[in-house]
Amino acid sequence: MIRVKLRAWTASFRFPTFQSGYQPTLPVPPPSTIQGILSAAKGKPVYLTELPYVGYIFRSSGKGLDLEKIYALGKIETDIMKREFLYNAELYIYLPDEWKEAFKKPRYQLLLGRSSDLATVEEIININLEEREAPLGGTVVPISLGIPGMIHALVVEYDYSKTPRKARLVRPFIVLPYPRTYAERKRQTVKTLYDPELDIGVYIHRWGQ
């Protein structure tokens, strides 16, 4: 498979339960963000359920708080909203080999959240992953794994043929921040594929199966 590394100054992933007011960020991108990135790279709608597999790992240097001007729909009034963001963000996506050309020259801009969260492709490499006991993190995993963590119902993919877009598949996931301490790594260790360069496990999603 290949591993694509994206880097962005900032990233922001909306909590599904917050629609207005203070906007916290999820610590990792939901699957629908990965769908958006792949669709932008290809220049056409991509559906994760039609891919043989995809995996990803996200990490950042920390979290900040931004003040954002918003406009009321159909009105001239504006307001200020507080929005969390992650800074110095890195996203690693594990994909079949045929995705290499799409990321060498993406058709549209790649985003890690808002339109201001621009990402660049920093590296594309071929990689072999071995199976072993390893910590998972910086991703979402099925609740069937039984790893302690936040549980959220997240959109896996949107139907881009609808206007406005509609959720095509929603599933519950355990949201696993990137492990920073020995205790976190131990708590999140399972038998999985392992990336020796990043020293972390890679959960491979196969939503089409």
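Let's start with strand β2, where 5 of the 6 residues are buried, so the rest of the structure largely encloses this strand. By buried I mean under 20% relative accessible area; exposed is over 50%, and partly exposed lies in between, with a 1.4 Å probe and protein chains only. Strands here are DSSP runs of E with at least two residues, helices are runs of H or I with at least four, and both are numbered from the N terminus.

A word on the source: this is a predicted model, where local features need pLDDT of at least 70 and side-chain atom pairs count only at pLDDT 80 or more, while totals for chains, interfaces and linings use all residues. Residues are numbered from 1 along each chain as its sequence is written, and side-chain values use heavy atoms, with hydrogens and water left out.

Back to β2 and its partners. Two strands pair if DSSP finds at least two bridges between them. Strands of a sheet pair through backbone hydrogen bonds, either parallel or antiparallel. β2 runs antiparallel to strand β4 (residues 78-95), with 5 bridges joining them. β2 is also antiparallel to strand β13 (residues 204-205), through 2 bridges. Please find glycine 55 on your screens: its bridge partner in β4 is tyrosine 94, and its bridge partner in β13 is isoleucine 204.

While we are in β4, have a look at asparagine 88, which lies in that strand. Asparagine 88 is partly exposed, with a relative accessible area of 36%.

Now to the aromatic rings. Rings of Phe, Tyr and Trp (for Trp, the six-membered ring) pair if their centres lie within 6.5 Å; planes under 30 degrees apart count as stacked, over 60 as edge-to-face, and the rest as tilted. How many aromatic pairs does this rule give? The count comes to 4 aromatic pairs. One of them joins phenylalanine 13 and phenylalanine 58: the ring centres are 5.3 Å apart and the planes stand at 85 degrees, so this pair is edge-to-face. Phenylalanine 58 belongs to strand β2 (residues 54-59), while phenylalanine 13 is in the loop between β1 (2-11) and α1 (31-42), so the pair ties together parts that are 45 residues apart in sequence.

Tyrosine 47 is buried, at 11% relative accessible area, whereas tyrosine 160 is partly exposed, at 29%.

The charged end of arginine 168 sits over the ring of tyrosine 47, 4.1 Å from the ring centre. For that we ask that NZ of Lys or CZ of Arg is within 6 Å of the ring centre and within 35 degrees of the ring normal. Lysine 42 does this with tryptophan 99: the charged end is over the ring, 4.9 Å from its centre.

Next, an open sheet. Three strands are ordered β7-β11-β12, with antiparallel pairing. Which strands are at the edges? They are β7 (130-135) and β12 (200-202), each pairing on one side only. Between β7 and strand β11 (residues 189-195) there are 6 bridges, and proline 135 stands opposite threonine 189 in β11. In the loop between β11 and β12 you will find aspartate 199, with a positive phi near 55 degrees, although this residue is not glycine. Aspartate 199 is partly exposed, at 35% relative accessibility.

Finally, zoom out. The protein has 3 helices and 13 strands. Of its 209 residues, 47% count as buried. The C-alpha atoms fill a box of roughly 55 × 40 × 30 Å along the principal axes. Taking a contact as heavy atoms within 4.5 Å, residues 24 or more positions apart account for 74% of the contacts with a separation of 6 or more.
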